Amino acid sequence: MVICEYLDDISGNGATYSAEQRAACRLWASLMPGWFAYIAIIKADPGSKDEEAALKELRDGLHAANAFLATRPEADSGPFLLGERFSLAEVATAPFAQRFMTVLPGTRPTVDPRQILEEEGLFRLSTWLTAVCTRPSCMETIAPTAELVESYKALLMRMKAISAP
């Protein structure tokens, strides 16, 4: 986050934030990764109590993220945290959003983030995710889907091997 803020400042963008907007960007960047906690789902055995608990935690987190976005003053003026402006908040969290939308369904096909968002009525968060994940600058920086999913599957296998008795 320090590097993101530095780059934002030297580009001149940082000077255009109000103190409240900068705080909102920082808060989003610090809370969002915890709200999108999907790794516990893909680590759990399908159908297990651990998976069920992890899915509940994810849904709760997504509700919190949706509420955060929906209560922003700029909520009706555009898809991003600060409305039309792709801000420091998105720069810092786009990689989490992209992996959430790609890795979760790629490793656990029965869990579709878009379906969860729709079932839960999380429309503001859905709009944000779509805007971030379809932004050309973000699309250019993510690894191809198959490569990303395979690397996470390999990581999960290594994690399970390490934790095996």
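Student: How many disulfides does a search of the whole structure find?

Tutor: The search finds zero. A disulfide is a pair of cysteine sulfur atoms within 2.5 Å. This is a predicted model, in which local features need pLDDT of at least 70 and side-chain atom pairs count only at pLDDT 80 or more, while totals for chains, interfaces and linings use all residues. Residues are numbered from 1 along each chain as its sequence is written, and side-chain values use heavy atoms, with hydrogens and water left out.

Student: What makes C133 count as buried?

Tutor: Buried means under 20% relative accessible area, exposed over 50%, and partly exposed in between (1.4 Å probe, protein chains only). C133 has 17% relative accessibility, so C133 counts as buried. C138, with a relative accessible area of 6%, is buried too.

Student: Which residues of α7 are buried?

Tutor: They are R124, L125, W128, L129, A131, V132 and C133. These buried residues pack against α2 (19–35), α4 (49–70), α5 (88–107), α6 (113–120) and α8 (136–139); contact means heavy atoms within 4.5 Å.

Student: Why is α7 called a helix, and what span is expected?

Tutor: A helix is a DSSP run of H or I with at least four residues, numbered from the N terminus. Helix α7 (residues 123–134) has twelve residues. The expected span is 1.5 Å times one less than the number of residues. From first C-alpha to last, α7 reaches 16 Å, close to the 16 Å expected.

Methods
Helix = DSSP H or I, 4+ residues; strand = E, 2+ residues; numbered from the N terminus.
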